[in-house]
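Colleague: I have a model open and would like to learn how to read its features. Could we go through them one at a time?

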Amino acid sequence: MSAIDASKKPASRAAIASGSGRRAGDTVFATLSVGSGLLIFLTLAAVAVFLSLQSREAITGDGAPADAPSLLAYTGPLIFGTVFAAVLALIMAVPVAVGIALFISHYASRKLSTPLGYLIDLLAAVPSVVFGLWGGVWLVPRLEPLYMFLNKNLGFIPLFAGEPTAPMKNLASASVVLAVMILPIITAVSREVFLQTPRLQEEAALALGATRWEMIKSVVLPFGKSGVISASMLGLGRALGETMAVLMVMSPGFTYSLHIFEVGRHQSIAANIAAQSAESTGYDMSRLVFTGLVLFVITFIINAIARAIVSRGPKS
């Protein structure tokens, strides 16, 4: 009997390894996990198919009025305004976010860093309409003196040139509001990446006589570079799709102007859809859906690039 029992043990282990001995709970969990992943993929595919079908009339030009601009002439300025505002917001938000993340992770005491981290994270929960009200009512009037100063003294730079007029609900104001909105996500991701820096490397740099800033510059920042880049791209993805704040802060326009202080020059895709969809039908609605499809593709590409950067980042 002992020889027979011994001969059965390898077969039993092989059965477990092949999956036949998997417990019911593991099977259910694995099935739900795979199903959830497939559901997300199918949802994205369904959204893409829906947008493509609904924008077919605009793509083919069927039913377009005789005086309607071409699809490129209509969509081009919207893409320009969307990307321009998001990039300006990113330029303003990233240095501040990295500074806050470094302060929380390597300078502030635990009693200060914990509530400060919670405060930064809470900014992400503020509705965009609140940011829009804050920007339009409180921020824009206080930014007007700065805009006039830059326009008067640095008007030879294309960004600050032009003829700004009050109230300055322009691309610059929208970019400032977007920068505040994307600040929490960039700060949170950067902070977590900085905290994952190997402690031995930090202590080794300090032991060799480096100051705290020299240690951060030579150890922490190189380690967290890919994380900061991916966090910035995630923030860029949110800025590209923001609707209400841009709609409430920026006066619309359809040009390719670089003058960010001029009113009525720029518009974003999301804000234009929100402003026009209630009164649009037929070809006009199909054209709006096409701009939504363009925004969907741009956002998807941005998030895919951010995901690729995270996967190639250094491991702790």
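Modeller: Start with contact, which means heavy atoms within 4.5 Å. Leaving aside neighbours within four places in sequence, histidine 266 is in contact with Phe80, Phe84, Leu171, Met250, Ser251, Pro252, Gly253, Thr255, Ser257, His259 and Ile260.

Colleague: What kind of model is this, and how are residues numbered and side chains treated?

Modeller: This is a predicted model, in which local features need pLDDT of at least 70 and side-chain atom pairs count only at pLDDT 80 or more, while totals for chains, interfaces and linings use all residues. Residues are numbered from 1 along each chain as its sequence is written, and side-chain values use heavy atoms, with hydrogens and water left out.

Colleague: How many helices and strands does the protein chain have?

Modeller: Helices (H or I, at least four residues) and strands (E, at least two) are DSSP runs, numbered from the N terminus. The protein chain has 12 helices and 0 strands.

Colleague: How do I judge the overall dimensions?

Modeller: The radius of gyration is taken over C-alpha atoms, and the globule rule is 2.2 Å times the number of residues to the power 0.38. For 316 residues a compact globule would come out near 20 Å, whereas the protein chain has 26 Å. Along the principal axes, its C-alpha atoms fill a box of roughly 95 × 65 × 30 Å.

Colleague: What share of the contacts in the protein chain with a separation of 6 or more is between residues 24 or more positions apart?

Modeller: That share is 79%.

Colleague: Back to histidine 266. Where is it found, and why is it called buried?

Modeller: Histidine 266 is found in the loop between helix 10 (244-249) and helix 11 (269-276). Buried means under 20% relative accessible area, exposed over 50%, and partly exposed in between (1.4 Å probe, protein chains only). Histidine 266 has a relative accessible area of 2%, so it is buried. Across the protein chain, buried residues make up 38% of the 316 residues.

Colleague: What does the side chain of histidine 266 reach?

Modeller: A polar contact is a pair of N or O atoms within 3.5 Å; within protein, one must be able to donate a hydrogen and the other to accept it, and residues adjacent in sequence count only if both atoms are side-chain atoms. Here the side chain of histidine 266 reaches the backbone oxygen of serine 257 at 2.6 Å.

Colleague: Is serine 232 buried or exposed?

Modeller: Serine 232 counts as buried because its relative accessibility is 8%. This serine lies in helix 9 (residues 212-241) and touches Leu90, Val94 and Ile186, not counting residues up to four places away in sequence.

Colleague: And alanine 188?

Modeller: Alanine 188 is in helix 7. With a relative accessible area of 18%, alanine 188 is buried.

Colleague: Which residues show the partly exposed class?

Modeller: Proline 115, in helix 5 (residues 110-123), is partly exposed because its relative accessible area is 43%. Valine 49 is placed in helix 2 (residues 24-54) and is also partly exposed, at 48%. The C-alpha atoms of valine 49 and leucine 88 are separated by 32 Å, although the two are 39 residues apart along the chain.

Colleague: What should I look for in the peptide bonds?

Modeller: Most peptide bonds are trans. In this model, a cis peptide bond joins alanine 166 and proline 167, with omega about -5 degrees. Proline 167 lies in the loop between helix 6 (128-153) and helix 7 (171-195).
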